[in-house]
Amino acid sequence: MNGTLSRRGKARLAAAGGAAAILAAAAVLSLGGGDGGVAGADASDPELVALGAGVYGRHCAACHGANLEGQPDWRRRKPDGLLPAPPHDATGHTWHHSDEVLFRLTRDGPAALAGDGYRTDMPAYAGVLADREIWAALAYIKSRWPADIRRAQAGR
């Protein structure tokens, strides 16, 4: 090519920029306490994982898939400019984020973390789900990852 970005290259760059903005914002925000319940996404806690399976099924699966597979072509912006819901299985990038970042993304919504008018279909679940329910959904997601992915994510 003659030094210009293709449409695909521009879409990838825009997606990477959005993800970078979310991560940068999340890095400077601290995790709030919340409802005094669970303060972590313990995938080895069967009770928490069971609660999370129900929460995920009711609030997340419609977009992120019943099997955590995400929406098709999740890295490419839709005609409305928004990104499809990413997978939460090992093929996605969810495990690249710390539990705290995932909690904030879920509770406050990606737009709150990214700022600057970031547009997304993902709602904030503050006021819809208790903190314990959010941690439980995250524990359920993590429980579905292979052991090596869980170990890698634990170091984030």
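Analyst: One term to start with: buried means under 20% relative accessible area, exposed over 50%, and partly exposed in between (1.4 Å probe, protein chains only). The model is predicted: local features need pLDDT of at least 70, side-chain atom pairs count only at pLDDT 80 or more, and totals for chains, interfaces and linings use all residues. Residues are numbered from 1 along each chain as its sequence is written, and side-chain values use heavy atoms, with hydrogens and water left out.

User: What order do the elements of the protein run in from the N terminus?

Analyst: Helices (H or I, at least four residues) and strands (E, at least two) are DSSP runs, numbered from the N terminus. The protein has 7 helices and 0 strands. Read from the N terminus on, its elements go α-α-α-α-α-α-α.

User: What share of the residues in the protein is buried?

Analyst: The protein has 156 residues. The buried ones among them come to 37%.

User: What percentage of contacts between residues at least 6 apart in sequence joins residues at least 24 apart?

Analyst: A contact here is a pair with heavy atoms within 4.5 Å. Take the contacts between residues at least 6 apart in sequence, and the share joining residues at least 24 apart is 61%.

User: Is Asp116 buried or exposed?

Analyst: You'll find Asp116 in the loop between α5 and α6. Its phi is near 50 degrees, which is positive although the residue is not glycine. Relative accessibility of Asp116 is 86%, so this residue counts as exposed.

User: How are α4 and α6 set relative to each other?

Analyst: The axes (lines fitted to C-alpha atoms, for helices over the stretch in contact) are compared by angles that run from 0 to 180 degrees between N-to-C directions. Those of helix α4 (residues 99-108) and helix α6 (residues 131-143) come within 10 Å and cross at roughly 125 degrees. Under 35 degrees counts as roughly parallel, over 145 as roughly antiparallel, 65 to 115 as roughly perpendicular, and the rest as oblique. The two helices are therefore oblique.

User: Which residues of α4 and α6 make the contact?

Analyst: From α4, the residues involved are Asp99, Glu100, Leu102, Phe103, Thr106 and Arg107. The α6 side supplies Asp131, Ile134, Trp135, Leu138 and Lys142.

User: How many salt bridges does a search of the whole structure find?

Analyst: A salt bridge needs a side-chain nitrogen of Lys or Arg within 4 Å of a carboxyl oxygen of Asp or Glu. On that rule, the search of the whole structure turns up 6.

User: How many residues apart in sequence are the parts that Lys78 and Asp121 tie together?

Analyst: Lys78 and Asp121 form a salt bridge, with the closest N and O atoms 2.5 Å apart. Lys78 is in the loop between α3 (61-64) and α4, while Asp121 is in the loop between α5 (110-114) and α6. Relative accessible area is 26% for Lys78, so it is partly exposed, and Asp121 is partly exposed too at 47%. The pair therefore ties together parts whose separation in residues is 43.

User: How far apart in space are Thr120 and Leu83, C-alpha to C-alpha?

Analyst: Thr120 is in the loop between α5 and α6, and at 28% relative accessible area it is partly exposed. Setting aside neighbours within four places in sequence, Thr120 is in contact with Leu82, Pro110 and Ala111. Thr120 and Leu83 are 37 residues apart in sequence, and their C-alpha to C-alpha distance is 7.0 Å.

User: Which residues is Ser98 in contact with, leaving aside its neighbours within four places in sequence?

Analyst: Ser98 lies in the loop between α3 and α4. Its relative accessible area is 13%, so Ser98 is buried. Apart from those sequence neighbours, Ser98 is in contact with Gln153 and Arg156.
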